[in-house]
Amino acid sequence: MRIFAFAGSNSSTSINKRLVIFALKSFPEAEINLIDLNDYEMPIFSVDREKAGYPEQAYLFLENINQCDLIVCSLSENNRNFSVAFKNVFDWCSRINAKVFQDKKMFVMTTSPGGFGGGNSMNLAKNIFPAFGGNILQTFSLPKFYENFNDEDGILDQTLLADFNQKIKDLQENF
Ligand SMILES: Cc1cc2nc3c(=O)[nH]c(=O)nc-3n(C[C@H](O)[C@H](O)[C@H](O)COP(=O)(O)O)c2cc1C
């Protein structure tokens with residue numbers, strides 16, 4: 001199984017990236033392609049700029065998706081929305097291929113320091129990704145990241161950990 005993994009954040013200390021790295025440990029057999037969204041930074045999308053063509057990074061992001069069997073991502077939340085870094089990649093890619101996620105299976109996560117765990121970004125993803133070719137198999141939101149997670153032990157809260165493990169199990173059984 002080839003996994004394309006990313007956090008929807010351009011933060012060098014992204015908590016969503018930390019969650020992605022933890023989740024990837026559940027796929028020890030997989031071939032992992034974990035990217036940093038900073039390597040896909042492009043000018044802010046505009047209809048004027050696209051007249052000059054599309055940035056190479058947008059094609060590369062789409063090619064990463066094309067080459068995978070499963071997308072594992074964790075989306076950050078800014079003002080109850082995706083981060084501008086992810087939205088910009090999404091916008092550019094959508095103009096090249098409206099099926100951004102190319103019918104690939106997805107494990108979509110969110111986390112934030114707050115009690116809703118990026119739930120607004122999650123709701124947005126659930127609502128719109130299917131229209132952009134995303135086949136969401138499972139989702140997981142981790143609330144109160146700094147209370148519920150450390151890099152050594154992963155998810156600390158036992159109820160949340162059991163939920164996470166069950167979702168990974170279901171995903172792998174139905175893959
Ligand atoms: C401009 C801004 C807006 C934010 N808005 C929200 C929000 O609406 N909901 C939320 O749960 N967290 C919000 N946060 C907190 C982020 O979830 C937090 O910064 C988190 O670390 C972002 O994820 P990342 O570390 O993966 O980039 C916001 C942070 C910033 C800087």
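**Figure 1. Strand E4, a strand largely enclosed by the rest of the structure.** The model shown is predicted, and local features need a pLDDT of at least 70, side-chain atom pairs count only at pLDDT 80 or more, and totals for chains, interfaces and linings use all residues. Residues are numbered from 1 along each chain as its sequence is written.

**Figure 2. The open sheet of five strands.** The strands of this sheet follow the order E2-E1-E3-E4-E5 with parallel pairing, and two strands are said to pair if DSSP finds at least two bridges between them. At the edges are strand E2 (31-34) and strand E5 (135-142), each of which pairs on one side only. Neighbouring strands of the sheet are turned by 15 degrees against each other on average, direction ignored; the axes behind such angles are lines fitted to C-alpha atoms, for helices over the stretch in contact, and angles run from 0 to 180 degrees between N-to-C directions. Strand E1 (residues 2-8) and E2 run parallel and are joined by four bridges, with alanine 5 standing opposite leucine 34 in E2.

**Figure 3. Helix H1 lying across the sheet strands.** Helix H1 (residues 15-24) lies across E1, E2, strand E3 (70-75), strand E4 (105-111) and E5, and it runs at about 145 degrees to E3. The buried residues of H1 are Ile15, Asn16, Lys17, Leu19, Val20 and Ala23. What covers these buried residues includes E1, E2, E3, E4, E5 and helix H5 (145-148), where two residues are in contact if their C-beta atoms, placed from the backbone, lie within 7 Å.

**Figure 4. Asparagine 10 in the loop between E1 and H1.** Which residues does asparagine 10 touch, not counting residues up to four places away in sequence? They are Leu37, Asn38, Glu41, Ser83 and Ala85. Asparagine 10 counts as partly exposed because 19 other C-beta atoms lie within 10 Å. The C-alpha atoms of asparagine 10 and valine 20, which are ten residues apart along the chain, are separated by 14 Å.

**Figure 5. Asparagine 79 and arginine 80 in the loop between E3 and H3.** Asparagine 79 lies in the loop that runs between E3 and helix H3 (84-96), and it has a positive phi of about 50 degrees although it is not a glycine. Arginine 80 has a positive phi of about 60 degrees, although it is not a glycine either. Asparagine 79 counts as exposed because it has 8 C-beta neighbours inside 10 Å, and arginine 80 counts as exposed because it has 12.

**Figure 6. Glycine 154 in strand E7.** Glycine 154 belongs to strand E7 (residues 154-155), and it is partly exposed because 18 other C-beta atoms lie within 10 Å. Leaving aside its neighbours within four places in sequence, glycine 154 is in contact with Phe22 and Phe149. Although glycine 154 and alanine 23 are 131 residues apart along the chain, their C-alpha atoms are separated by 8.8 Å.

**Figure 7. The residues around the ligand.** There are 16 residues around the ligand, of which Ser9, Ser14, Asn16, Ser76 and Ser112 come nearest; a residue is near a molecule if its C-beta atom, placed from the backbone, lies within 6 Å of it. The shell around the ligand divides into four nonpolar, ten polar and two charged residues, where Ala, Val, Leu, Ile, Met, Phe, Trp, Tyr, Cys and Pro count as nonpolar, Asp, Glu, Lys and Arg as charged, and the others, Gly among them, as polar.

Notes
Helices (H or I, at least four residues) and strands (E, at least two) are DSSP runs, numbered from the N terminus. A residue is buried if 20 or more other C-beta atoms lie within 10 Å of its own, exposed if 12 or fewer, and partly exposed in between; C-beta atoms are placed from the backbone.
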